[in-house]
Amino acid sequence: MLRIRLSRVGAKKKPSYRIVVADSRAPRDGAIVEQVGHYDPMTNPPTITMDEEKVVKWISNGAQPSEPVEGMLKRMGILERLKME
């Protein structure tokens, strides 16, 4: 099963994350299928950028978002748009 989840990048004590589509069995920073966004928790407020078209395509193809990514999708309003379709 594919999951939309966070993959950590950045320096020690300065995390930054890529939002990626990966196999659920792959390690956190392992092989990915596609990168769909970026999350920077160090800014105030945290910066979230996502390619909405890619996220919608992967969710419609059966990819499941992880809990943190699901919260981001709700904040950005992407999940509500998916439920309306």
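Select Glu34 to begin: in this predicted model Glu34 counts as buried because its relative accessibility is 19%, and the cut-off for burial is under 20%. Lys54 itself is partly exposed, with a relative accessible area of 30%.

Which residue forms a further salt bridge with Glu34, with the closest N and O atoms 3.9 Å apart? Select Lys57, which is that partner, and which again connects helix H1 to strand S3, this time across 23 residues. Lys57 counts as partly exposed at 40% relative accessibility, and the salt bridges that share partners join Glu34, Lys54 and Lys57 into one network. Side chains of opposite charge can pair when their charged atoms come close.

Next, show the cartoon and select helix H1, residues 52-60, which lies across S1, S2, strand S3 (34-40) and S4 and runs at about 120° to S3. Behind this selection is an open sheet of five strands in the order S4-S3-S2-S1-S5, with mixed pairing. Its edge strands are S4 (47-50) and S5 (64-65), each of which pairs on one side only.

Within the sheet, select strand S1 (residues 2-11) together with strand S2 (residues 14-23), which pair in the antiparallel sense over ten bridges. The two strands form a hairpin with two residues between them, and in the turn Lys13 has a positive phi of about 65°. On the other pairing of S1, two bridges join S1 to S5, and these strands run parallel; here the bridge partner of Arg3 is Gln64.

Return to S2 and select Asp23, the bridge partner of Leu2. Asp23 is partly exposed, with a relative accessible area of 25%, and its side chain meets that of Arg25 in a salt bridge of 3.0 Å, N to O. Arg25 counts as exposed at 70% relative accessibility. The count of salt bridges comes to five.

Is the next residue of S2, Ser16, buried or exposed? Select Ser16, which lies in strand S2 and is buried, with a relative accessible area of 13%. Ser16 stands opposite Val9, and its side chain is joined to that of His38 by a polar contact of 2.8 Å. Leaving aside neighbours within four places in sequence, the residues in contact with Ser16 include Ser7, Gly10, Tyr39 and Pro41.

Finally, select Ile4 and Ile19, which touch the most other members of the largest nonpolar core, a set of 18 residues. The elements that give two or more residues to this core are S1, S2, S3, S4, H1, helix H2 (67-76) and helix H3 (78-84).

Key
Residues are numbered from 1 along each chain as its sequence is written. This is a predicted model: local features need pLDDT of at least 70, side-chain atom pairs count only at pLDDT 80 or more; totals for chains, interfaces and linings use all residues. Side-chain values use heavy atoms; hydrogens and water are left out. Two strands pair if DSSP finds at least two bridges between them. Helices (H or I, at least four residues) and strands (E, at least two) are DSSP runs, numbered from the N terminus. Contact means heavy atoms within 4.5 Å. Axes are lines fitted to C-alpha atoms, for helices over the stretch in contact, and angles run from 0 to 180 degrees between N-to-C directions. A nonpolar core is a set of buried Ala, Val, Leu, Ile, Met, Phe, Trp, Tyr and Cys residues joined through side-chain atoms within 4.5 Å. Buried means under 20% relative accessible area, exposed over 50%, partly exposed in between (1.4 Å probe, protein chains only). A polar contact is a pair of N or O atoms within 3.5 Å; within protein, one must be able to donate a hydrogen and the other to accept it, and residues adjacent in sequence count only if both atoms are side-chain atoms. A salt bridge is a side-chain nitrogen of Lys or Arg within 4 Å of a carboxyl oxygen of Asp or Glu.
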